[in-house]
Structures are given as structure tokens and as C-alpha cells.
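Thanks for making the time this morning. I would like to walk through one model with you, so let me put the sequence and the structure up on the screen before I say anything about either.

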Amino acid sequence: MAELPKATEPFKFCTRLHLRELTGLRASNLKQLVSLIKTVPGSSIYHHTHHFLQQHQYLSPEPPNDFAYWVSQVLGEERLGERLAAIDTIQYSTIRALRERIVETIEDYLNSYSTANLKFASEGEEFHFIRSISFVLPTPYEAHDLQELVDALRKVTIDSIYFHIFESRLRLEKETNDISYWIEGCLGDKELADEIANLDPYTYTLEGLRENIINLIEERMKSITDSG
Amino acid sequence: MRIEDYEPIVGKQIIDEFWLIAEKLKGKVIQNINSTAVGGGVAEILSRMVPLLQSLGVETKWDFIKGGEKFFWVTKKFHNALHGKPEEITQDMFDTFLDVSQQNIDEISIYGDIVFIHDPQPVALVKRRQALKNKWLWRCHIDVSNPNLKVWNFLRDFIVLYDAAVFSAPAFSMQLPIRQFLIAPSIDPLSEKNIELSQETIDSVLKKYGVPKDKPIITQVSRFDYLKDPLGVIDAFKMVRRYTKCRLVLAGGTATDDPESDKVLAEVREKAGKDPDIHILLVPSESDLEINALQRASTIIVQKSLKEGFGLTVSEALWKAKPVVASAVGGIPLQITHKYSGMLCHSIDGAAFAIKQLLHSPAYAKRLGENGRNHVKQNFLLTRHLKDYMLVFLSFEYSDDIVNL
């Protein structure tokens, strides 16, 4: 039976906790919404496209991003809500690109359905822009090979999974998620790294994502040990 | 009360993270200041937060300002005015507030690295700040979305001197030139109002109040107040009962400081008449365990308020995995995502329609309840509240969006 290869550097698990800061900015209709989306800090765009993942991490299928939810449920513009929900976030590697896509989607819609801008949210149901502040903390968990990676993945919080899969890729503008980056860079296993990178993490619950990543790694370990 | 007591509920990993954050606060003294040790929501929260922070090794203290009858009468008026209730505010009231505040400014010992001031009563203590090099945080537990501007502008002159403010919901805040954090309130899963109960206990409470278990029970827990719309709930119930057998429980107390509540109760009783399916229960305010049992005995829980603060009764119901139908007012939309973790409504007809749907689709109702419980577990338990406070304390050290600790 072949032994699992050891990494050149250990994978050190971090966790990410977030605090919400109010910007004082609010929108009552689509025009205000799109104009604020263009100007709010990137940390606010990040918050409204990602906080559902953590806040509703148990739901499957998950609710869409905040913009889609508000447009559908509060303004009653379900066609636009559907288009915003369908934005394939995984395709965007920067907040800037994601922001542009959201703006374009709303502006295209307003051009096609100009009366949509006549709808106003009732008092108390306005869209409030919030920004997210992340606190990244080291955890005691680290891995030197795939088995240790699986063991740690079972133990860390979903906040840790979230940090390494979503935040590091989009907010820290890395090309891929941390786990794939380490598997390719420190274990030299590009095939497994790609398999994990090809999961669309936005369509799983965080627990579902944890299980899927573990399954992919375990299958890989089995093929390595069997090959020996 | 220790942080480990919450481990069976939130899991070891979450508690481990608390220790990591607490470690970063070592050496800092957090000094909480409010107006009273007992009575009211702020004292209730602090009585839990302070020992929990101490159990994590964060040096946390709790002090009070001195007031007197006239001062607290004035601050009660301020409180109502901030909530948007019409109140006559006189210069004499402002003078009383300033005089008593000055005595407190002169006498109180300020020693915290972070001075955490709760609500308007002690807000003026920030005038001590100039002589000190510590950080000042103001926690607003009130909905100030539509305040009496005379009172708000008076208080605002003090608020802007703080390093940061904390509000419970985005809609409850005002534009300010200082940093503002969003921290929702929370429920304590280990309190009598929320702990698990045996079926025996639940049944004994139903027996005590004469509520049979023969039909699905729809419950609203709230004091008898027009703003909680108990009359509207009876209308919605009657619309539902045309199609489905069910009972309605309206459980709550009358507030001693609200002369209107007896009038509301009388109207509710008159509207209910001798209907054997409608149970109007006067539950004394200290009967948390009984409220818990009534919620757990319910098939659906309703909160059809016309206006609401944060509306934590919704989180209490969701924590018990109950499907909830509630108005989209105050902090309720933060607790319920429509059709995911409960149903939001805007009218009596809407409430009736949602209740009917849930009674006719028990599997969907069950899923909403389970989602709701998970949502509360993730977002509205005391542990999350505690974590947010620790992160705010840490945020004084950093200004970036991403902080590597």
C-alpha cells in the first residue's frame, strides 16, 4: 500500500468571524439601489452577496443574495430578482467585476421595463447597505497530508470552511480557494486541486460543501493507497 | 453561568473560537455603565454578558449611574419620545438631565480601557473622555428610526463624542459621523423562557389554563396592546376556522405602566365572546416557564404586530422550531426570511392565508420551523451577541475591512 505524500508546507486552518457595520445608506427603489451599488465600499457588495451563505448556511436550496431577495420580495420584481439570483458568482474573481455585473443586470432591466422604477419599498422595508468587517484568526488545526486535511476538515467550524473557500478567493483576490491552492502547490496534486476548485460552492450549504470536499479527498486517498 | 454551559447547544468549535477572541482582549478592562442592576432588558442582558465575559477571562465590570425619581421620570419621557410617542418635553427636563449627569460625571470612577455605555440615561458621561485616552462605545437599545427630534438632537451632541455606536437593526439607526455597528439582540437558550421542557410540564400548563389538545393551537404571546393587534389576530383566526378546526390562544399580561392595556383586554374579551375555541390567558409577567410551555404546545405561532421593536418573541418561537406567521415590521424581517424560515404578512387577510397554508401543509410548516430554529441558532442566541461585542471591542484597534489577528 502506497503512503500518502507529505506536504512541503503544512496547511494552517484559519477562521473568519465577521462584524457588521452600518453605512447609513438606504434605497427605496431600483434607481437608488443601482446608484448606491456603484458607490458603496467593496466590503458592502461582498456582504450583500455573501452573508446569506453564513447566515442561512443550513438552507438547501439557499436563498439568493440580498439584492435578489429584496427586489423580489419587497419590490415584487421577480423577473429581475431571478436574474440577480442567477448571477454566477463563482465566475467573478474580484468584487469589482461582481459589482459591475450586478449594476449591468439592474440597468438592463430598467431599460427594458422603465415602470419598474415606480415601485417603492414601504417604510421600514428599505434596502440598508451594510459592510462586513472580517476578523481572521488562526486555529490550532493544521495538516501535513491528505489524511490530516480530512481529519481537520471534519473538526473546524463552518466559518473556517467559509474563509478558505469563499473569502480567500474573492476578497483576497486569490485565483482559487485555499485548499486547492495548497493541494496543488504543496502536494503537487493538480488533479485533486482542480476537482475541488470545480465545485460551485455557491450551490451547496456549508455543511454540504464540507462533505463534498471530504468525499473528493477520500476518493483520492483511496486511489493513491490502492495503487500501491 | 459559564461559557462552557452553552457548549452542548452551539458546539465545541464555536466555544473554542470564543477563547481565541477572548485571548486577544487579555489585559483590557471593559467597563459597562447603565442606570440599573435589575429590571428592564438592558439589565437582563448585562446580568448574563458580564459573567460570561469574565468566564472567558475578559476583565469586565458593571457600574451604575445615580439618578433619583425625577431624573428617571425624565429619562422615561425621553425614552418614549425617542420611540416616536408624543410627549411634551420641557427645558426643565433637559436641565434635570444635565444636572444629574454632571453629578455623575463628577463622581463616577472611570477606569475601563473600553467604556461601554448603555442607553440614553448615562450618555453624558462621555464628557469625561477628553481627559482620558480610552475608547467609548454607546449601545442604543431603542428604536430611534422615528424619534422626537428635540430629544434626539439634544442626545446627539453627546453621541457624536463617542468612538462608535451600536444599534439593533439597520432601520433603528440614524446617520451619525461616528462608526456604527449592527448587533442584533438575542435570546438565552438556557433561560426559563427557552429551555427544553418535558411533555408532562407542557401538558400541566395547558391543563392549568384549560386549553384542550384536541385541535391545532394557534398562539400569539404578547401584552394586551393595540400595537400587537390582538383584535386582528381574532379576525384572522375566525377566517381560518371556517376551513379548519383549530384553537386560538392569546397569552400575555397587562402592563402596569400602560393604562390602556385593561381597555384592550376588555375589547379582546368582548370580541372573543363565549367562543370555546378562543382562550384569552392572563399570564403574570414572571411566568416565563408557562409562556415557554404554551409556545411549545402550539402548532403555529403568530406575531401580528402593527409596530414592533426587535420582536424577540419571534426568535423565541423559532427556537422552539415552530412555524411562525408574523408582520413584516420592526426587527421581524431580520428574524424571518419569507417562505424560508417563516411567513411574513402585511394584513389580517395575509395572516389568515399564511396560517391556513401552514395548517394544510404540515410538512412545509415543519421545514419552516426547523429552518427557523437553525436561523436563530446561528444568529440570535446569546453566544452570537457575546461574540459580536468582543469583535466590536477588538475593532477599536483596527480600521481595515479585513483584520488578521
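Predicted model: local features only at pLDDT ≥ 70, side-chain atom pairs only at ≥ 80, totals over all residues.

Strand β5 (residues 164-167) of chain B pairs with β6(B) in the parallel sense, over four bridges, where two strands are said to pair if DSSP finds at least two bridges between them, and where strands (E, at least two residues) and helices (H or I, at least four residues) are DSSP runs numbered from the N terminus. Within that pairing, B:Ala164 has B:Arg179 of β6(B) as its bridge partner.

Residues are numbered from 1 along each chain as its sequence is written, and chains are lettered from A and ligands numbered from 1 in the order in which they are written.

Staying with β6(B), please look at what comes in from the other chain. Three bridges join β1(A) to strand β6 (residues 179-182) of chain B, and here the strands run antiparallel. A:Leu22 stands opposite B:Gln180, and A:Glu21 has B:Phe181 as its bridge partner.

A further link between the chains involves β2(A), which pairs with strand β13 (residues 402-404) of chain B in the parallel sense over three bridges; there, A:Val136 stands opposite B:Asn404. Within chain A, β1(A) and β2(A) pair with each other in the antiparallel sense over 13 bridges, and A:Thr15 stands opposite A:Leu137 in β2(A).

How many residues of chain A are in contact with chain B? There are 28 of them, in contact with 35 residues of chain B, taking contact to mean that the C-beta atoms, placed from the backbone, lie within 7 Å. On the chain A side, β1 (11-27), α2 (42-55) and β2 (127-143) each supply at least two of the touching residues. By type, that side divides into 12 nonpolar, 11 polar and five charged residues, where Ala, Val, Leu, Ile, Met, Phe, Trp, Tyr, Cys and Pro count as nonpolar, Asp, Glu, Lys and Arg as charged, and the others, Gly among them, as polar.

Let me now turn to chain A as a whole. Its secondary structure comes to 10 helices and two strands, and along the sequence these follow the pattern β-α-α-α-α-α-β-α-α-α-α-α. The C-alpha trace spans about 70 × 30 × 25 Å along its principal axes. The domain assignment, with bounds that come from an automatic or database source, gives domain 1 (11-15 + 137-227) and domain 2 (18-130) of chain A, and the C-alpha centres of these two domains lie 29 Å apart. Among contacts in chain A between residues at least 6 apart in sequence, 69% join residues at least 24 apart.

Of the 228 residues in chain A, 43% are buried, a residue being buried if 20 or more other C-beta atoms lie within 10 Å of its own, exposed if 12 or fewer do, and partly exposed in between, again with C-beta atoms placed from the backbone. In helix α6 (residues 146-155) of chain A, the residues A:Leu146, A:Leu149 and A:Leu153 are buried. Seen down the axis of α6(A), its buried residues fall within an arc of 50°, so they line one face of the helix; the arc is that of the directions from the helix axis to the C-beta atoms. What covers these buried residues includes β1, β2 and α10 (206-227) of chain A.

For contrast in burial, is A:Glu184 exposed or partly exposed? A:Glu184, which is found in helix α8 (residues 178-187) of chain A, is partly exposed, because 18 other C-beta atoms lie within 10 Å. Leaving aside its neighbours within four places in sequence, A:Glu184 is in contact with A:Asp189, A:Lys190 and A:Ala193.

Finally, I come back to chain B, where six strands form an open sheet in the order β9-β8-β7-β10-β11-β12, with parallel pairing. The edge strands, each pairing on one side only, are β9 (278-282) and β12 (343-345) of chain B. Inside that sheet, two bridges join strand β7 (residues 217-221) of chain B to strand β10 (residues 300-303) of chain B, and B:Thr219 has B:Ile301 as its bridge partner.

Key. Contact = placed C-beta atoms within 7 Å.
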